[in-house]
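Colleague: I would like to learn how to read helix packing, cores and loops from a structure. Could you take me through one case?

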Amino acid sequence: MINEIIGTILICAGIAFDFFGVLGLVRLPDVYNRLQAATKCVTFGTAGILLGVLIIQGFNAFGIKCIIGIIFIFLTSPVGAHAISRAAHRAGIKLTGESIVDIYAEDKELKESSTK
Amino acid sequence: MKIIRWVTGVIIVALFMYFNFFIMELTTLIKLINVLLFSILFVLIRVIIGRTAADRLVAVDILGVLTIGILALLGLFYNESFFMDIGLIWALLSFIATLSFAKILEGRSLDD
């Protein structure tokens with residue numbers, strides 16, 4: 001009984017994180033802002049849903065599959081986000097006009113000037 | 001113009017939440033799955049209108065992660081564990097697709 005209550009609370013928190021992350025994906029002005037909001041929030045939300053299902057089900061086949069899913073999401077989602085942001089910056093997509101610093105572009109200029 | 005957009009968005013979200021949680025007579029799990037499906041509608045809006053290729057790539061990546069959550073809740077509803085197998089395979093294929101599309105977007109070929 002206590003398992004179902006804790007699991008349902010975790011599932012509701014995860015769904016709230018998912019919804020706000022997707023809201024940020026629609027609302028924010030830039031590729032990089034959208035990537036930050038969407039990846040962090042949605043990863044944590046889906047991991048919360050899987051943790052709630054694990055607590056409700058216990059350690060049977062379903063629970064073990066949920067543990068494997070949590071580990072896999074936490075390993076692969078930052079790698080995908082990093083690859084997308086690096087590719088977008090190298091493909092020449094501009095930052096939004098309100099942003100104040102771009103460390104990666106300064107770094108590339110410094111490296112080019114040092115090699116010449 | 002900005003106020004009109006804000007008011008339209010708030011009215012759409014509030015109408016959906018009101019009809020989902022107070023009007024429809026459904027089980028609690030089905031109501032929660034409905035919220036995730038509504039989120040997927042927003043992701044599809046970003047896929048359709050999204051200005052550059054990187055926006056669409058981010059949206060498709062997020063769509064894969066949301067689908068794992070829906071499949072886990074469906075497995076809890078039907079009390080079957082094979083839905084999570086589909087979720088794991090979906091996560092694997094989504095990860096590989098994201099990496100390869102990012103490489104193509106960067107301008108390199110796949111065997112680089």
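Modeller: Start with a pair of helices. This is a predicted model, in which α2(A) and α3(B) pack at an angle of about 10° with 10 Å between their axes.

Colleague: How are α2(A) and α3(B) oriented to each other, roughly parallel or roughly antiparallel?

Modeller: An angle under 35 degrees counts as roughly parallel. The pair α2(A) and α3(B) is therefore roughly parallel.

Colleague: Which residues meet where α2(A) and α3(B) touch?

Modeller: On the side of α2(A), the residues include A:L35, A:A38, A:V42, A:L50 and A:V53. On the side of α3(B), they include B:A54, B:V58, B:I62, B:A72 and B:L76. Sorted by class, the contact of α2(A) with α3(B) consists of 17 nonpolar, three polar and two charged residues.

Colleague: What is the general idea behind nonpolar residues in such places?

Modeller: In soluble globular proteins, nonpolar side chains tend to be buried together. Here, the largest nonpolar core has 52 residues. Among those with the most contacts inside it are A:L25, A:I84, B:V58 and B:A72.

Colleague: Which helices supply at least two residues of this core?

Modeller: In chain A they are α1 (2-27), α2 (31-57) and α3 (61-90). In chain B they are α2 (28-49), α3 (53-78) and α4 (82-106). The largest share, 14 residues, comes from α2(A).

Colleague: How many residues does each chain give to the contact between the chains?

Modeller: Chain A gives 36 residues and chain B gives 37 residues. On the side of chain A that touches chain B, α1, α2 and α3 of chain A each supply at least two residues. The largest share of that side, 16 residues, is from α3(A). By class, the side of chain A that touches chain B has 26 nonpolar, six polar and four charged residues.

Colleague: Let me look at single residues. What is A:I84 in contact with, leaving aside its neighbours within four places in sequence?

Modeller: A:I84 is in contact with A:L35, and also with B:A54, B:L57, B:V58, B:D61, B:T98 and B:A102. Now take A:A83, which is in helix α3 of chain A. Setting aside residues up to four places away in sequence, A:A83 touches B:T98, B:L99 and B:A102.

Colleague: Is A:A83 buried or exposed?

Modeller: The test is a count: 20 or more other C-beta atoms within 10 Å make a residue buried. A:A83 has 21 other C-beta atoms within 10 Å, so A:A83 is buried. A:C66, also placed in helix α3 of chain A, has 28 C-beta neighbours inside 10 Å and therefore counts as buried. Apart from neighbours within four places in sequence, A:C66 is in contact with A:L50, A:V53, A:L54, B:A72 and B:M84.

Colleague: Where is B:V43, and what does B:V43 touch?

Modeller: B:V43 is in helix α2 of chain B. Not counting residues up to four places away in sequence, B:V43 touches A:V22 and A:L25, along with B:A59, B:I62, B:L63 and B:L66. The C-alpha atoms of B:V43 and B:L66 are separated by 9.7 Å, while the two residues are 23 residues apart along the chain.

Colleague: How do I read the length of a helix?

Modeller: Compare the span with the one expected at 1.5 Å a residue. α3(A) has 30 residues and reaches 44 Å from its first C-alpha to its last, close to the 44 Å expected. α3(B), with 26 residues, reaches 38 Å, close to the 38 Å expected.

Colleague: Why does α4(A) lie largely in the open?

Modeller: Of the 13 residues of α4(A), the number buried is zero, so α4(A) lies largely in the open. This helix spans residues 103-115 of chain A.

Colleague: What should I look for in a loop?

Modeller: Most residues other than glycine have a negative phi. B:N79, in the loop between α3 and α4 of chain B, has a positive phi near 60° and is not a glycine. With 8 C-beta neighbours inside 10 Å, B:N79 counts as exposed. Just after α3(A), A:G92 has a positive phi of about 90°.

Technical notes
Residues are numbered from 1 along each chain as its sequence is written. Chains are lettered from A and ligands numbered from 1 in the order in which they are written. This is a predicted model: local features need pLDDT of at least 70, side-chain atom pairs count only at pLDDT 80 or more; totals for chains, interfaces and linings use all residues. A nonpolar core is a set of buried Ala, Val, Leu, Ile, Met, Phe, Trp, Tyr and Cys residues joined through C-beta atoms within 7 Å. A residue is buried if 20 or more other C-beta atoms lie within 10 Å of its own, exposed if 12 or fewer, and partly exposed in between; C-beta atoms are placed from the backbone. Helices (H or I, at least four residues) and strands (E, at least two) are DSSP runs, numbered from the N terminus. Two residues are in contact if their C-beta atoms, placed from the backbone, lie within 7 Å. Ala, Val, Leu, Ile, Met, Phe, Trp, Tyr, Cys and Pro count as nonpolar, Asp, Glu, Lys and Arg as charged, and the others, Gly among them, as polar. Axes are lines fitted to C-alpha atoms, for helices over the stretch in contact, and angles run from 0 to 180 degrees between N-to-C directions. Angles under 35 degrees count as roughly parallel, over 145 as roughly antiparallel, 65 to 115 as roughly perpendicular and the rest as oblique. The expected span of a helix is 1.5 Å times one less than its number of residues.
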